[in-house]
Amino acid sequence: MSLVHINILIAFAVSLTGLLMHRSHLMSALLCLEGMMLSLFILATLTILSTHFTLANMMPIILLVFAACEAAIGLALLVMVSNTYGTDYVQNLNLLQC
Amino acid sequence: MNLFTSSTLLTLLMLITPVMMSSTDFYKNNKYQHYVKNMTLLAFITSLVPMTMFIHTNQEMLISNWHWTTIHTLKLTLSFKMDYFSLMFMPVALFITWSIMEFSMWYMHSDPHINQFFKYLLIFLITMLILVTANNLFQLFIGWEGVGIMSFLLISWWFGRTDANTAALQAILYNRIGDIGFLLSMAWFLHNTNTWSLQQIFMLSQNPPTLPLLGLTLAAAGKSAQFGLHPWLPSAMEGPTPVSALLHSSTMVVAGIFLLIRFHPLTENNKLIQTMMLSLGALTTLFTAICALTQNDIKKIIAFSTSSQLGLMMTTLGLNQPHLTFLHICTHAFFKAMLFLCSGSIIHNLNNEQDIRKMGGLYKILPFTTTALIIGCFALTGMPFLTGFYSKDLIIETATSSYTNAWALLLTLTATSMTAIYSTRIIFFTLLEQPRFPPLMNINETDPMLINPIKRLLIGSIFAGFILSNSMPPMNTPLMTMPLHLKLTALTVTTLGFVLAFEINTYSKNLKYPYSSDSIKFSTLLGYFPTIMHRLSPHLVLTMSQKLATSLLDLTWMETALPKTTALIQLKASTLTSNQKGLIKLYFLSFLITMTLSMLLFNYPE
């Protein structure tokens, strides 16, 4: 694998780790989710352009659209949580606990 | 060819006839009682024939009638051993039973089941004679169990009364504990000497180890109310007075002592058993004499007196004097039965009052009973030349001049003086002082069925000692010389007891104790023995068995160990692993670890 790919993949891995190991704020999880999306977009664009895979030229743009929608929903959920609890600590999300 | 065999068997057969008549109509009418009494009288006269032949010519006989079975090498027959002991005991027992049957025709006159009472007394007499004449242990055991059963049926004669039922059950239980020892000895003898017949046992085991003799001592302790197995005897006074007079004073309770007398060739070689018998007897005689000092029921005082005399008999056996013990059995039977008959006369005349604190002043009212009671008490304490003297004084002389345990001797002497003390207590409370019973009592003693038995036993209490000790052939050399102070020991302690008792009795004009000391409580509560043993040990045993059987075995091992534990583990595991806790961070972290692990694993295929 070339160095560029490894770079982007490490960025993706770091964002994934940040998503899965967030400590107290939901915002950090959403930010890491955006980071994952960004690194995936860059990786896909670079790969498709360097392999001249013309038919898949649309894929990163559509991925970006869906990522934007998803970010909006995530932010809406965050706003709802912040309305109820005042903060966005994840320890407040325990309604399903038995 | 003489009359020995035929008169012996005729005696035994004669007594069975009224029992067999009980299935006919004759059983239902009033003549049955006279019939039974007359049969006993005739059996007594018939049994005088072998006794006289024995006294005259020293003839003993072994009657082996019927070969019942042979199991491998064990031969069981129906055999009767007519030797010194059984020949002399049979007439005595029959005489006393005859007198008691005549007395109970007066005492139980108004009882609706009087015929059944006489039948029970007769069956008791038959089993006692089986016991006494048995030549093998099997037949002896038949007689042994028979007297135990009849004792149960007769003590609970008035079975509507709870105390009577408890007392009968207590008698059976304590006798059963003694039976364990009996069965142990039977098993030992069967295993080691291959037989249950006495002749072969005496030939084959001259020096037996202690175990079978220990079993026999336990059997005697159970049947003859030695210390540790004694509470049934005072409780057995719940039965009617003729029952107390026959069973629990003269006949049944000496069965244990009789067993040990039968085995005297074995015990005379074993010093350990002799010491044990000596100590047990001395302890019994003192303990029961202490308990008799403060009882308030006249029958219980006489019952404890019986127990004390049984301890004295056991002590004599421990001194290796079986023939002297036997003489004491015979003489004791006379005056003890008479004491019970006198107390029966007093009880019936005072309208069933048994508490001596409510009797008194009977000296002028019942002159004949008074005479008999006083002579009986004197004979009991060993007044010189009455009946008790010939056996009791000889026992004390033998004890003081033999190489024996000083502690046992001291206990026996103390118990002898206590005999005088409680005898004085009986005389003082029932006969002397002012009357303490309600004034409208119908007191008379003119019925000949009451007077004649007491008269006969009175003559027996005065003369039987003299006649018996001069008729019985001597079996060991009597001790002829001893220092004066040893000779007079029994007389001295008895006189001391009398003087002390008269002194104390004049102080107790009022019947209430103002201050009760610990010694009084010890004596009145029978040494705390029934209180402790009848409640505590069954409670401990039952709680232990409940813990073992129910808690340990049932609840724990069979219920909880596998089934409930499995259920509990399932429950805990399921609650642990299957709930939503909202642990988002934990879930994300585990996802990360899985991803990392899979990437590592699938990138390094070697």
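This is a predicted model: local features need pLDDT of at least 70, side-chain atom pairs count only at pLDDT 80 or more; totals for chains, interfaces and linings use all residues.
Residues are numbered from 1 along each chain as its sequence is written, chains are lettered from A and ligands numbered from 1 in the order in which they are written, and side-chain values use heavy atoms, with hydrogens and water left out.

Chain A has three helices and zero strands. Helices (H or I, at least four residues) and strands (E, at least two) are DSSP runs, numbered from the N terminus. Read from the N terminus on, the elements of chain A give the order α-α-α. The radius of gyration of chain A is 17 Å, well over the 13 Å that the globule rule gives for 98 residues, so chain A is more spread out than a compact globule. This radius is taken over C-alpha atoms, and the globule rule is 2.2 Å times the number of residues to the power 0.38. Along the principal axes, the C-alpha atoms of chain A fill a box of roughly 50 × 25 × 25 Å.

Of the 98 residues in chain A, 27% are buried. Buried means under 20% relative accessible area, exposed means over 50%, and partly exposed lies in between (1.4 Å probe, protein chains only). Contact means heavy atoms within 4.5 Å. Among contacts in chain A between residues at least 6 apart in sequence, 55% join residues at least 24 apart.

An unreviewed UniProt entry places the feature "transmembrane region" at residues 6-22, 29-49 and 61-81 of chain A. UniProt positions are given in the numbering used here, feature names are shortened, and annotations may be inferred rather than shown by experiment. Residues 6-22 of chain A are 88% helix and 0% strand, with end C-alpha atoms 24 Å apart. Residues 29-49 of chain A are 100% helix and 0% strand, and their end C-alpha atoms are 30 Å apart.

Gly74(A) lies in helix H3 (residues 59-85) of chain A and is buried, with a relative accessible area of 12%. From Gly74(A) to Pro60(A) there are 14 residues in sequence and 20 Å in space, C-alpha to C-alpha.

In chain B, strand E1 (residues 61-71) and strand E2 (residues 74-82) run antiparallel and are joined by nine bridges. Two strands pair if DSSP finds at least two bridges between them. Leu62(B) has Lys81(B) in E2(B) as its bridge partner. The hairpin of E1(B) and E2(B) has two residues between the strands, and His72(B) there takes a positive phi near 55°.

Thr97(B) is in helix H3 (residues 84-107) of chain B. Where does Thr97(B) stand, buried or exposed? Thr97(B) is buried, at a relative accessible area of 1%. Apart from neighbours within four places in sequence, Thr97(B) is in contact with Thr40(B), Leu125(B) and Leu246(B).
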